[in-house]
Amino acid sequence: MDDAVNVAGSLRARLALTLIGSAAAIAILLFFVVRTYAAQIAQSGQDSILEASVASILDAATLRDGDVEVDFPYVAFSMLSTDADDRVFYAIWQEETLLSGYELLPVADAPDGGEIVHVSAIFDGAPVRVATAARILVGANTRTRVTVSVAQTQDALAGTLNKISRNVGLIGAGFFTLSVLVASWATNSTIRPLERLTHSITRRGPKDLSPVARPVPLEMAPLVTSLNSFMARLDTSLKQSEDFIAEAAHRVRTPLATVRSHAEATLQRVEREDNRQALRSMVRAIDESSRAAGQLLDHAMITFRADHLETRTLDLVELVEDLVTRLAPVAEMKDIALTVISEGAVSVEADSILLQNALRNLVENALKYAPEESEITLEVGASPRPRVEVRDEGPGFPPDQMQGLAVRFSRGDNAKDTIGSGLGLTIAQDVATAHGGELTLGNMPEGGACVTFLL
Amino acid sequence: MRYIFALMMWLCPALAQAQDWEDQNAFGPASASSTLRVLSSTDTSLFAPVIEDFLQSRSGVAVEYFVTGTAQIDEVFRAAPEDFDVVISSAMDLQLKLVNDGFSVQIANLDQPDWAQWRNSLFAFTTEPATIVINRAAFAPESVPQTRQELIAAMRARPEVFRGKVGTYDVRDSGLGYLFATQDARASETFWRLMEVMGGLDAQLYCCSGAMIDDLVAGELMVAYNVLGSYVAAREDVADMLEIVLPLDFPTIMMRTAFVSSRTEVAEEAAAFVRHLVEMQTGQQSLEAFPLPPLSATTDSTGQAVISLEPALMTYLDPLKRRTFIKEWSSAVIQ
């Protein structure tokens with residue numbers, strides 16, 4: 001099964017991108033708006049000085065004996081001094097005649113009322129700002145129109161604008177940096193409850209299907225509610241199926257024991273050899289069924305315990321010897337010798353109940369397949385890893401099916417005439433896996449199966 | 001049209017000489033690969049040490065030095081800006097207007113304080129006050145006047161001594177004289193009273209400081225108003241005879257300025273020349289070796305201020321303003 005979740009996009013990336021993107025957009029917008037505004041202010045500053053200059057020149061225009069005199073003050077130009085030493089141009093017109101100044105200076109049409117008109121133009125290769133105003137001079141019997149234009153290059157203005165742009169740029173960049181920090185903080189604090197939930201669920205034991213109790217944000221409530229109800233259903237369902245298997249096995253085992261004791265009693269009373277034979281077969285079948293039911297119970301128990309092992313330090317040799325002692329009566333029935341080989345205590349960290357179960361199943365398997373009057377050897381070793389080898393003198397495993405034998409309910413072809421559930425190897429393997437070890441199957445060169453249980 | 005003119009100049013050397021120079025000198029080797037043509041209002045004697053110092057470290061550069069009046073410079077240069085590489089004049093207003101009108105180029109790597117440069121194009125290299133130069137004999141044993149008021153009083157008291165023996169610039173001809181007069185007029189009404197008194201004493205009018213000093217030395221003049229003191233100081237022979245008075249009421253201080261023509265073909269040498277000139281004049285140089293007065297912000301403790309380099313200098317260059325000013329001046333002085 002493929003465990004990878006189908007991932008499309010990232011909430012964090014989407015949130016961060018949205019926040020940072022909008023911050024960038026706002027920063028750029030801010031830059032242009034402020035710059036434009038500052039440019040307008042700077043331009044209006046220059047315009048007002050030009051206005052004052054034009055006004056002071058126009059104000060000095062007088063008619064004397066029919067001639068226009070414009071004795072404008074020194075300050076008219078001195079007020080136009082700038083840090084960048086901007087060039088100054090001007091033109092004084094009477095009607096369509098240039099009285100003085102620069103003839104080619106572009107002049108805007110100005111109304112007679114003295115209202116000042118501003119235009120931007122290019123003069124002598126440089127951008128200039130021109131202010132123009134006109135006035136009607138009334139003499140004894142003349143009436144003439146004087147127009148005054150004053151222009152200034154925009155070097156100082158450009159310098160100011162550059163400075164403003166640089167400062168606004170810095171402010172924009174600062175704003176953006178701050179926004180990125182805020183965005184990352186906001187993203188993290190938004191995602192954190194989700195991470196906390198993930199963490200708390202990951203940290204749980206596999207059998208822990210209790211509902212999530214920690215408070216979660218409003219938006220996550222539906223998800224957590226669904227999760228809780230899903231886990232509750234799963235829990236119930238798991239409990240039911242485990243209960244069912246245990247109950248079923250238990251229910252089968254008890255009547256089987258009753259039937260077996262009846263059969264044994266009957267066997268004592270029956271004289272005829274063929275009837276006795278039938279009864280013996282019956283007892284054997286009952287034994288197998290009972291054993292299968294026992295294995296089913298074992299398996300259910302192992303499945304449950306494997307997820308939370310109750311490990312403690314124990315001696316593997318002692319455990320094996322204990323097991324041999326308990327199984328000795330069964331072995332004696334078939335005249336099979338159980339031999340334990342070891343080189344002193346082998347200390348392991350393991351769940352003793354599971355280990356006993358697994359090894360018992362392996363030895364029972366060996367007992368089942370070993371011929372009468374043969375020997376089963378249990379060799380306990382410590383290096384490189386703690387291990388128990390169970391060797392018998394039976395037919396061995398069919399070589400081509402060795403891989404699939406540990407799968408639940410599968411049995412070798414040569415086991416057709418032997419009664420069994422097919423759960424023995426599965427149980428042993430599950431226990432080995434639960435302890436981080438493995439189960440390897442093999443055959444002895446001189447015949448007979450060899451199962452190695454590695455921890 | 002310009003090419004035809006240039007062709008004519010080339011074909012007829014006599015025509016090129018037609019310009020009536022006050023003085024004309026060539027410095028440096030005749031075989032020089034590039035020649036710097038300097039148009040100046042400063043006397044060659046004052047400027048020669050600067051040019052020689054400049055040429056010392058530059059082989060292959062020659063300098064042609066043309067001297068003429070300040071008003072002439074403006075006229076000649078406007079007519080043919082391609083004929084000159086560096087323009088030097090004491091008429092700050094005309095110089096500033098030339099720069100304002102785009103006849104100059106900026107010079108890089110020449111950091112001067114704001115008051116001593118305009119647009120990084122026009123650079124001041126001297127500060128020179130307009131002075132009253134007096135023949136001590138005329139005032140002995142009385143004390144020499146220290147202000148314009150005192151000068152007016154002295155002339156009114158003894159008109160017979162001064163009649164026909166007072167001199168000043170003819171502002172109609174001299175750019176510098178016009179600059180001094182307009183700045184004086186801007187500063188105080190005293191100027192007009194002084195002009196009226198001088199006019200009443202049949203004032204002699206001059207084109208330049210040099211001519212006034214010559215007449216002072218010759219005894220033709222007793223008082224010369226608005227003379228460049230530096231010209232008198234440069235002449236050691238007259239120290240006992242003449243006294244230079246810096247008027248205490250208000251000073252009028254001019255700065256000689258230089259710029260590089262926008263039409264120059266030897267821009268690097270021209271810029272180097274101006275840079276050299278400014279650096280010499282602002283550095284610690286002995287006055288003996290270089291007779292030009294140095295550039296300094298204030299000349300003494302009275303806090304004298306120089307005429308500032310600003311567009312306002314163009315005010316009195318306006319034809320209407322000039323017409324009015326000359327009219328008033330003429331009615332005061334010529335009478």
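**Entry 1: the two domains of chain B**

I began inside chain B, where 20 residues of domain 1 of chain B are in contact with 16 residues of domain 2 of chain B. I noted that this is a predicted model. Next I looked up the bounds. Domain 1 of chain B covers 2-127 + 255-297, and domain 2 covers 128-253 + 314-333. I then took the centres over C-alpha atoms, and 28 Å separate these two domains of chain B.

How much area is buried between domain 1 of chain B and domain 2 of chain B? I found about 1400 Å², and carbon and sulfur atoms give 63% of it. I also asked which three residues of domain 1 of chain B supply more than any other three. They are Asp93(B), Thr127(B) and Arg256(B), with 30% of the area that domain 1 buries against domain 2 of chain B.

**Entry 2: polar links between those domains**

I looked for salt bridges across the interface of domain 1 and domain 2 of chain B, and the rule finds one. I noted Glu128(B) and Arg256(B) as a salt-bridge pair, with their closest N and O atoms 2.5 Å apart. I also looked up polar contacts across this interface of chain B. The rule finds four residue pairs, both residues at pLDDT 80 or more.

Which elements give two or more residues to the side of domain 1 of chain B that touches domain 2 of chain B? They are helix H4 (70-79) and helix H5 (92-100) of chain B. H5(B) gives the most to this side, six residues. I sorted the side of domain 1 of chain B by class and got eight nonpolar, seven polar and five charged residues.

**Entry 3: one residue of chain B**

I picked Thr182(B), which lies in helix H9 (residues 175-187) of chain B. Is Thr182(B) buried or exposed? Its relative accessible area is 1%, so I wrote down Thr182(B) as buried. I then left aside its neighbours within four places in sequence. Thr182(B) is in contact with Tyr316(B) and Phe325(B).

**Entry 4: where chain A meets chain B**

I moved on to the interface of the two chains. Here 27 residues of chain A are in contact with 25 residues of chain B. Chain A and chain B bury about 2100 Å² between them, and 48% of that is on carbon and sulfur atoms. I noted Tyr74(A), Asp85(A) and Arg87(A), which supply 35% of the area that chain A buries against chain B, more than any other three residues.

How many salt bridges does the rule find across the interface of chain A and chain B? I counted three. I looked up Lys321(B), which forms a salt bridge with Asp71(A), with the closest N and O atoms 2.6 Å apart. For polar contacts across the interface of chain A and chain B, the rule finds 14 residue pairs, both at pLDDT 80 or more.

I listed the elements that give two or more residues to the side of chain A that touches chain B. They are strand E2 (67-70), helix H2 (75-78), strand E3 (88-94) and strand E4 (97-101) of chain A. The largest share of this side, four residues, comes from E3(A). By class, I found 14 nonpolar, five polar and eight charged residues on the side of chain A that touches chain B.

**Entry 5: the domains of chain A**

Notes. Residues numbered from 1 in each chain as written. Chains lettered and ligands numbered in written order. Predicted model: local features only at pLDDT ≥ 70, side-chain atom pairs only at ≥ 80, totals over all residues. Heavy atoms only, no water. Contact = heavy atoms within 4.5 Å. Buried area = accessible area lost by both parts, 1.4 Å probe. Salt bridge = Lys/Arg side-chain N within 4 Å of Asp/Glu carboxyl O. Polar contact = N/O pair within 3.5 Å; in protein donor to acceptor, adjacent residues only side chain to side chain. Nonpolar A, V, L, I, M, F, W, Y, C, P; charged D, E, K, R; others polar. Buried < 20%, exposed > 50% of the residue type's maximum accessible area, 1.4 Å probe, protein only. Domains from an automatic or database assignment.
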